[in-house]
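Hello,

Please find the structure below. My notes on it come after.

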Amino acid sequence: MSEVRPPLPPFTRETAISKVRAAEDGWNTCDPARVALAYTVDSKWRNCSEIFEGRGKIVEFLTRKWNRELEYRLIKELWAFTDNRIAVRFAYEYRDDSGNWFRAYGNENWEFDENGLMRHRHASINDLPIKKSERKFHWDRNGPRPADHPGLSDLGL
């Protein structure tokens, strides 16, 4: 039996926005095994300088990431979409184990299979050091962004 992860392609504006928010909510759990389930078993990733394939590698990557990026909070926003592809822009905030804060900005290009699982993910990301007082993402850790918390455009990002 195939795994199915609605909404399914072909995407409309409404379903693309829903897919982006579901991805944001999943990543904000900081649970690598849970997040990896949104991808095909042979999903291909390019994340900055790392290129890898498969759910096992996704779990390894995300485990390393969230061991380094503490108090992680992410906001994603739809940029564009077609039948089975979505482009997003995003920003996330985190601190390192020395107490230094960062805001990372990036873009992702996603391609989905017919079951709504992501089979390709290409990400470009830049980290910017910020002061703790410059943080803009404030909600309980390891949970979804509240519906009333501003998005990227609302925050001027």
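This is a predicted model: local features need pLDDT of at least 70, side-chain atom pairs count only at pLDDT 80 or more; totals for chains, interfaces and linings use all residues.

Residues are numbered from 1 along each chain as its sequence is written, and side-chain values use heavy atoms, with hydrogens and water left out.

Cavity. The whole structure has 1 cavity of 30 Å³ or more (a set of points on a 1 Å grid over the protein atoms alone where a 1.4 Å probe fits but cannot get out; lining residues have an atom within 4 Å of a point). Among the lining residues are Trp27, Tyr72, Phe90, Glu108 and Arg121. The lining has 6 nonpolar residues, no polar ones and 3 charged (Asp, Glu, Lys and Arg count as charged). Strand 3 (70-81) gives the most, with 3 residues; strands are DSSP runs of E, at least two residues, numbered from the N terminus.

Strands. Strand 5 (residues 101-112) has 9 of its 12 residues buried, meaning under 20% relative accessible area with a 1.4 Å probe, protein chains only. Strand 5 runs antiparallel to strand 4, with 11 bridges, and pairs with strand 6 in the antiparallel sense over 12 bridges; pairing requires at least two DSSP bridges. Tyrosine 94 is bridged to phenylalanine 102, and glutamate 108 to alanine 123.

Regards

Key: On a 1 Å grid over the protein atoms alone, a cavity is a set of points where a 1.4 Å probe fits but cannot get out, and a pocket is an open set with protein on both sides within 12 Å along at least five of seven lines; lining residues have an atom within 4 Å of a point. Grid points are joined across faces, edges and corners, and a volume is the space filled by probe spheres set on the points. Helices (H or I, at least four residues) and strands (E, at least two) are DSSP runs, numbered from the N terminus. Buried means under 20% relative accessible area, exposed over 50%, partly exposed in between (1.4 Å probe, protein chains only).
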